[in-house]
Amino acid sequence: MFKEINGNVWDILDENSTLYILTNNTISVTYNAETLEEKIFNPMGGGIALEAANRNRNLPTTMVECIRNNSYYLGKDSFSNAELMRFPTIHKIGEYADLLLVKSNLYRVKEYCLSNPERKVYLPRPGCGLGGLDWDNEVKPLCEEIFKDIDNIYIVSK
């Protein structure tokens, strides 16, 4: 069964940790009018995604490659050397979290936990907060069902 912890997840990460970054599946493009250069990125504008982007400069660009390749490994955190993984909760920026998307990614996290029992896996409350889902009535019951036999997952809230 998962364990709930409160606090700043960045303070407890180490090289034996994996942190799932809650995000969207949006790819944005901007143009610099002076240089005519194109910038392609994933808007990581709030919550754990913004914190991760502030710590890891290239993360918004790396996120685009992961979205395009339907992959989830984002690399290592610049400070703690923890693995960073993508966890989409929202299809497009500006929408609320999709409970079915959250559920499918919870199963992906379960598979990761089972394949990596030596790692401590941290997951912010998926789809809650900026995503608009209710932790107690929607997401927590899913986590209890899916993670009932998992002992290396920690659900984090501030």
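The model is predicted, with local features requiring pLDDT of at least 70 and side-chain atom pairs pLDDT 80 or more, while totals for chains, interfaces and linings use all residues. Residues are numbered from 1 along each chain, and side-chain values use heavy atoms, without hydrogens and water.

The whole structure contains zero disulfides (pairs of cysteine sulfur atoms within 2.5 Å).

| Cysteine | Closest cysteine sulfur | Distance |
|---|---|---|
| C66 | C113 | 18 Å |
| C143 | C128 | 8.0 Å |

C143 is also buried, at 0% relative accessible area.

C66 belongs to helix 2 (residues 59–69), where L59, P60, M63, V64 and I67 are buried too. Helices (H or I, at least four residues) and strands (E, at least two) are DSSP runs numbered from the N terminus. The buried residues of helix 2 fall within an arc of 165° seen down its axis, so they line one face; the arc is that of directions from the helix axis to the C-beta atoms. Their cover includes strand 2 (17–24), helix 1 (47–55) and strand 6 (83–90), with contact meaning heavy atoms within 4.5 Å. Just after helix 2, N70 has a positive phi of about 50°.

C128 is among the residues closest to the centre of the largest pocket, along with L22, G47, I48 and L130. Helix 1 gives the largest share of the lining, four residues.

Methods: Buried means under 20% relative accessible area, exposed over 50%, partly exposed in between (1.4 Å probe, protein chains only). On a 1 Å grid over the protein atoms alone, a cavity is a set of points where a 1.4 Å probe fits but cannot get out, and a pocket is an open set with protein on both sides within 12 Å along at least five of seven lines; lining residues have an atom within 4 Å of a point.
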